[in-house]
Amino acid sequence: MKLIFLGPPGAGKGTQAAGVSAHLGVPHISTGDMFRSAIKNQTPTGIEAKKYLDAGELVPDSVTIAMVRERLSMDDCRNGYLLDGFPRTVDQAIALDSISAPDAVVDIDVPDERLLSRLTGRRICGKCQGTFHISKLADERTCPVCGGEVYQRNDDKPETIATRLKAYHEQTEPLIGYYKGLGKLRRVNGDNQLEDVFKAILATLE
Ligand code: AP5
């Protein structure tokens, strides 16, 4: 299956993608993770992308589409993919249709007022890459799964979150209409318990 997770920053795309990609047996491809890895490794893409991620703005389409085109040509995508964070503009969606068109698009819907506390409270384990909310951590510096040290993403600061939400509403939200028009859109209420969101996603794909 070729699947896209759409939704605002903090909707739970990455959290749900881990379980859903394992369930479907397709790779979880997060363009945000790809950019962060490129920045860490100081590749040409990473050097170009860094200023946009730091500001909470979208990386230019030409850079992003080239990166995804290369990733989707890899062997592990032969049976499908779960794209998390791509496409984010109508031009990216049009490009994806010509590379490898999706079968379904799940829009994880969460109201803006919930997103700020989810994002400012998000912590990521530097060792196992698990994502947690600070309110669920017994020790706010330690991963409850592997004991690694947790950190906060650079763009999870209130002022950058505001820019990311603006980019979502202006540039990404129009994709809801785009995929609705193609008959591929499924909507799931993401303002629910993690397990309930997971079940709702699987149910909508059946
Ligand atoms: P990216 O990494 O994709 O960030 P994002 O879309 O802003 O999404 P997030 O990762 O912040 O949120 P999420 O929906 O995955 O939520 P999560 O599961 O972590 O992109 C970062 C940057 O890269 C962009 O700003 C841009 O610069 C660039 N970029 C990436 N793709 C691009 C593209 N296609 N084009 C151009 N530029 C691009 O959950 C968040 C928190 O909520 C966690 O703490 C979690 O524990 C908690 N949570 C999750 N679900 C629930 C629930 N049901 N109830 C309570 N808490 C929950």
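Predicted model: local features only at pLDDT ≥ 70, side-chain atom pairs only at ≥ 80, totals over all residues.
**Entry 1: the ligand's surroundings**

I started with the shell around the ligand and sorted its residues into 11 nonpolar, 13 polar and 9 charged. For the sorting, Ala, Val, Leu, Ile, Met, Phe, Trp, Tyr, Cys and Pro count as nonpolar, Asp, Glu, Lys and Arg as charged, and the others, Gly among them, as polar.

Residues are numbered from 1 along each chain as its sequence is written, and side-chain values use heavy atoms, with hydrogens and water left out.

Which residues come nearest to the ligand? Of the 33 around it, I wrote down Thr15, Glu57, Arg88, Arg122 and Arg164. A residue is near if one of its heavy atoms lies within 4 Å of the molecule.

The largest share comes from α2, with 4 residues. Helices (H or I, at least four residues) and strands (E, at least two) are DSSP runs, numbered from the N terminus.

**Entry 2: polar atoms at the ligand**

Then I looked for polar contacts, meaning pairs of N or O atoms within 3.5 Å; within protein, one must be able to donate a hydrogen and the other to accept it, and residues adjacent in sequence count only if both atoms are side-chain atoms. A backbone N or O atom of Gly10 sits 2.9 Å from a ligand oxygen. For Gly14, a polar backbone atom is 2.8 Å from an oxygen atom of the ligand. Asn192 has a polar backbone atom 2.8 Å from a nitrogen atom of the ligand.

How much of the ligand does the protein bury? Taken alone the ligand exposes 1000 Å², and the protein buries 92% of that. These areas come from the Shrake-Rupley method with a 1.4 Å probe.

I went back to Arg122, which is in strand β5. Is Arg122 buried or exposed? Arg122 counts as buried because its relative accessibility is 15%. Here buried means under 20% relative accessible area, exposed over 50%, and partly exposed in between (1.4 Å probe, protein chains only). The side chain of Arg122 also makes a polar contact of 2.8 Å with the side chain of Asp156.

Thr31 belongs to helix α2. Thr31 is buried, at a relative accessible area of 2%. A polar atom of the Thr31 side chain lies 3.0 Å from the backbone oxygen of Gly85.

**Entry 3: the parallel strands**

Two strands pair if DSSP finds at least two bridges between them.

I began with β3 (residues 81–84). β1 (residues 2–6) pairs with β3 in the parallel sense over 4 bridges, and Lys2 has Tyr81 as its bridge partner there. β2 (residues 28–30) also runs parallel to β3, over 3 bridges, with Ile29 opposite Leu83.

Which way do the residues of β3 point? Tyr81 and Leu83 go one way, Leu82 and Asp84 the other, and all are buried.

From β1 I moved on to β4, which runs parallel to it over 4 bridges. Leu6 has Asp107 as its partner in β4. Asp107 in turn has Arg187 as its bridge partner in β8. β4 and β8 (residues 185–189) pair in the parallel sense over 5 bridges. In β4 (residues 104–109), 5 of the 6 residues are buried.

**Entry 4: the open sheet**

I also found an open sheet of 3 strands in the order β6-β5-β7, with antiparallel pairing. β6 and β7 (150–151) stand at the edges with a single partner strand each, so one side of each has no neighbour in the sheet. β5 (residues 122–125) is joined to β7 by 2 bridges, and Cys125 is partnered by Val150.

**Entry 5: aromatic rings**

Last, I checked aromatic pairs, and the whole structure has 1. The rings of Tyr178 and Tyr179 are edge-to-face, because their centres are 5.0 Å apart and their planes at 85°. Rings of Phe, Tyr and Trp (its six-membered ring) pair if their centres lie within 6.5 Å; planes under 30 degrees apart count as stacked, over 60 as edge-to-face and the rest as tilted. Tyr178 is partly exposed at 22% relative accessibility, whereas Tyr179 is buried at 0%.
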